[in-house]
Amino acid sequence: MKGAMMEAQVLNPDCELGEQCLHQILTDVIEEVKQSINQDTVGAEFLNSLLNAPWLQSLLKVYECLQRYLRDSPTPTLGCASGLSFQLLFDIRSLPGCSEEANELYSLLQQPHMQTLLSAHDVVAQKDYDPALPPMPEDLPDDEEATRIVCLVKNKQPLGATIKRNEVTGEIFVARVIHGGLADRSGLLHAGDRILEVNGFAVDGMEPKEVIQVVQSRSQGTIMFKVVPITTRPVNNQTMLYVRAMADYSPQQDPSIPCADAGVSFRKGDILEIVDQTDALWWQAKKLPSTMDCAGLIPSIDLLKRKQRELWWSQPYQPHICMQTLSIVEEEEDLMAIDDKCVEADEEAFESEELREEDDNFTTNEEGIYIAGFRLSMRLCRRQFHSSTQACCHTRCPSSCYSTLNCPYEEVVRYQRLPQDAHRLLALTGPSGVGVNELRRRLIEMNPNIFQGAVPFTTRAPKAYEKSGREYFFISSEIFDSMVYNNRFLEYGEYKGNLYGTSIESVKEVLNSGKICIIDIEPNAIQAVRTHELRPYIVYVKPPSLERLRETRQDSCIITNYYMNRSFRDEDFQEMEEAARKIESQYWQFFDNVIVNDELHDSCIQLLTVVRKAQDEPQWVPVSWIRPITES
């Protein structure tokens, strides 16, 4: 093939790749391919069929015509063919007794397509491509403002713009354009544009509600605005940002919002996509997941902080939940031990039957309630610790009211755990008696090779059958105090003169072994757990309704010094429901998943599904977990 091209260029060095030269090259190539077919050359038969294809022959003919046109570009003979045709029509019509040929020519020149063709010929010949604009009027005032006509086709979707009125002049302006709305997608309306007319109605002096009624009078169809464009448009700050709402907000209950209908309501824990932060007070955002293209207004972080502080100071004083002492019923609830039919069971069930029969396994306190197992003692001591008033609210409980006042939005990112990464910590929490411990126990018993609990620390002396590092880590009070001082505990407390605590190192040791560490925590310990090292997935175990509690727990029992097996009382269920309300009001924003513990078997299945989701599916996590902030 190369030989054919070289030969053609040698024979005719001035020949370009066009017309006969290209045809000659193709003919030579086909001849060479035919020779190759006789020699059984690989691929030669396919190339022969390709070169003889009709579509290729047609394409080459088109190419040759274009090459001939480039070499000999035709020029129009006449630049006014339309005028000549009109002259011919006039002359033919004025002649008496025209021939058949003249009548036929007259009929052809009268055809609309022929008139259009001749008109297009004249435009090309004269190169008259620019539109004809009317001349500027001579008596135009110097202070006349340039106006623009904006036509938007509305189809039952919101316009996506808010307006405001200048109280001094009565002029109507576009206050803001909502991201993703009809006005924003058109790119024709901008914040600051002055609106003169809407659908032919002058709006100067009208109230904003009256202007909105004019716009809404046409739910679909074309809406025409006559506007004076803003001279300098503000630079939009449209950096995409995802946040988790740490507070509730309702635009319908906010008198300061510019337009309540354009607001977005959200609750604690909702994920918001911030699309515009141009306004210092009102951001534009969408609540995820969302099928709406149009965003809405939410208060900026500074504005929401101010609103939260005003709300907090306006409320009557109430001791924070982490500062309140436990009631008699709560203490009884904390100390109850429930048999296997109950949702809540002591974690001493992990130990062997021989260990559970030891003399020290049941002890008695001044309330006369029998305590079964260490884990129950640990729960009591840590609740007593959290109920003490030894620290201020934001120190002991930074994840609740104080944190919400200072950071109403938490920046988050999508996180996907990689196979080589350590598993995420699974933390269960819920009101006492709801079944957190039993769910945790059953999960570990079903999959001991996958799930494991963290070994706690204690300052008490080991029993004869206990081994340090297996049941507990036995350390001195001095070492325990040092660990507390260095913030090495997720939670800790004191019971009967002995200190107990769950350390961060114990949790990390389980995670580093390749297993999923599952712990149950008090809600007050959530902030201590939420670190970039542990990356916990927090599951809230919620009690069902009072009716379901009465139905499903009717055979459950608690042990007291008065009765060996006392059934649940109705006040126990009411206390559980009240405790759940308090937890949800303070900590709902931190829950990654919620399980209603109605039937224990179904809840276990749900929990297994949640575990798989936490480890394998993308989740929203605080941005500090992915990009830790280093303190200077």
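The axes themselves are lines fitted to C-alpha atoms, for helices over the stretch in contact, with angles running from 0 to 180 degrees between N-to-C directions. The structure described here is a predicted model, in which local features need pLDDT of at least 70 and side-chain atom pairs count only at pLDDT 80 or more, while totals for chains, interfaces and linings use all residues. Residues are numbered from 1 along each chain as its sequence is written, and side-chain values use heavy atoms, with hydrogens and water left out.

To start with the helix pair, the axes of α5 (residues 81-94) and α7 (residues 112-126) come within 7 Å and cross at roughly 140 degrees. The two helices, α5 and α7, are therefore oblique to each other. On the α5 side, the contact (heavy atoms within 4.5 Å) is made by A81, S82, S85, F86 and L89, and α7 contributes Q115, L118, S119, H121 and D122. These residues divide into four nonpolar, five polar and one charged; here Ala, Val, Leu, Ile, Met, Phe, Trp, Tyr, Cys and Pro count as nonpolar, Asp, Glu, Lys and Arg as charged, and the others, Gly among them, as polar.

For the protein overall, there are 22 helices and 25 strands, taken as DSSP runs numbered from the N terminus (helices: H or I, at least four residues; strands: E, at least two). Of its 632 residues, 42% count as buried, meaning under 20% relative accessible area with a 1.4 Å probe and protein chains only, against over 50% for exposed and in between for partly exposed. Among contacts with a separation of 6 or more, 69% come from residues 24 or more positions apart.

Beyond its neighbours within four places in sequence, N593 touches Y537, I538, V539, Y540, V610 and K613. The side chains of N593 and Y537 are joined by a polar contact of 3.2 Å, that is, a pair of N or O atoms within 3.5 Å in which, within protein, one must be able to donate a hydrogen and the other to accept it, and residues adjacent in sequence count only if both atoms are side-chain atoms. S603, found in helix α21 (residues 600-616), counts as buried because its relative accessibility is 0%.

Conventions. Angles under 35 degrees count as roughly parallel, over 145 as roughly antiparallel, 65 to 115 as roughly perpendicular and the rest as oblique.
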